[in-house]
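I opened my notebook for a look through one structure. My plan was to take one topic per entry.

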Amino acid sequence: MKVNTKKVRFAKNQQDAFNFLLDMKNYEQLMPTDTKSFEIHESGKGFTVGVGSLPKVGMRLKETVEPSKIVFESPAPAFEYTLTINIEAVDDATSEVELDFDGNFNMMIEMMAKKPLTSFIETIADNIEKGA
């Protein structure tokens, strides 16, 4: 299952956007309004969030390519997914950010999760565009 957001403008240059999106504390302000829980992992390299009707979703930092890419992966071996954040420079004060979610789910889970996951990812992108 793939969910790709449109590129959104972020009022930070590429390096500042990368640093902002690498700091797990900043994700709490990017979450949807119906967020029930948000916990940063003890390692500081990921977080778990409970949103709406979705089960808790975990994100663990997998890799970074400074200042253009941040990749999160599932911390649970039962679910295979990645969230890739691509950051492109526009000018000295602005960047474009795109979120790409790629999950390997069985058909039943994909049918149930597609709409709420798409909404979740798009809300994060919208909140980035609003300046978080």
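This is a predicted model: local features need pLDDT of at least 70, side-chain atom pairs count only at pLDDT 80 or more; totals for chains, interfaces and linings use all residues.

**Entry 1: a charged pair**

Which residue's side chain meets that of glutamate 96 in a salt bridge? I looked it up and found arginine 9, at 3.3 Å from N to O. A salt bridge here is a side-chain nitrogen of Lys or Arg within 4 Å of a carboxyl oxygen of Asp or Glu.

Residues are numbered from 1 along each chain as its sequence is written, and side-chain values use heavy atoms, with hydrogens and water left out.

Back to the pair. The salt bridge of glutamate 96 and arginine 9 links distant parts of the chain: glutamate 96 is in strand 8, arginine 9 is in strand 2, and 87 residues separate them. I took strands and helices as DSSP runs, numbered from the N terminus (helices are H or I, at least four residues; strands are E, at least two).

Then I checked burial. Buried means under 20% relative accessible area, exposed means over 50%, and partly exposed is in between (1.4 Å probe, protein chains only). Glutamate 96 counts as buried because its relative accessible area is 19%. Arginine 9 has 44%, so it is partly exposed.

**Entry 2: other salt bridges**

I counted six salt bridges by this rule. One of them joins lysine 2 to aspartate 102, with the closest N and O atoms 3.0 Å apart. Lysine 2 is in strand 1 (residues 2-4) and aspartate 102 is in strand 8, 100 residues apart, so I wrote "distant parts of the chain". Lysine 2 is exposed because its relative accessible area is 55%. Aspartate 102 is at 34%, so it is partly exposed.

Lysine 7 and glutamate 88 form another salt bridge, with the closest N and O atoms 3.0 Å apart. This pair also links distant parts of the chain: lysine 7 is in the loop between strand 1 and strand 2, glutamate 88 is in strand 7 (residues 80-91), and they are 81 residues apart. Lysine 7 is partly exposed, at 39%. Glutamate 88 is partly exposed too, at 38%.

**Entry 3: a charge without a partner**

I turned to aspartate 100, in strand 8 (residues 94-104). Is aspartate 100 buried or exposed? It is buried, and it has no salt bridge. The nearest side chain of opposite charge is lysine 69, 8.5 Å away. For charge, Lys and Arg count as positive and Asp and Glu as negative; His and the chain ends are not counted.

I did find a polar contact of 3.2 Å between the side chains of aspartate 100 and asparagine 86. The term means a pair of N or O atoms within 3.5 Å; within protein, one must be able to donate a hydrogen and the other to accept it, and residues adjacent in sequence count only if both atoms are side-chain atoms. I also listed contacts (heavy atoms within 4.5 Å). Leaving aside neighbours within four places in sequence, those of aspartate 100 include Val3, Thr82 and Asn86.

**Entry 4: rings**

How many aromatic pairs does the structure hold? I noted nine. Rings of Phe, Tyr and Trp (its six-membered ring) pair if their centres lie within 6.5 Å; planes under 30 degrees apart are stacked, over 60 edge-to-face, and the rest tilted. Phenylalanine 47 and phenylalanine 72 form an edge-to-face pair, 5.9 Å centre to centre with 65° between the planes. Phenylalanine 47 is in strand 4 (residues 46-51) and phenylalanine 72 is in strand 6 (residues 69-73), 25 residues apart. Both are buried. Ring pairs link Tyr27, Phe38, Phe47 and Phe72 into a cluster.

**Entry 5: strands side by side**

Two strands pair if DSSP finds at least two bridges between them. Strand 3 (residues 35-40) runs antiparallel to strand 4, with five bridges. Phenylalanine 38 has valine 49 as its bridge partner in strand 4. Five residues lie between these strands in their hairpin, where glycine 44 takes a positive phi near 80°.

Strand 4 also pairs with strand 5 (residues 57-65), antiparallel, over four bridges. Here glycine 46 stands opposite arginine 60. Strand 5 pairs with strand 6 over five bridges, again in the antiparallel sense.
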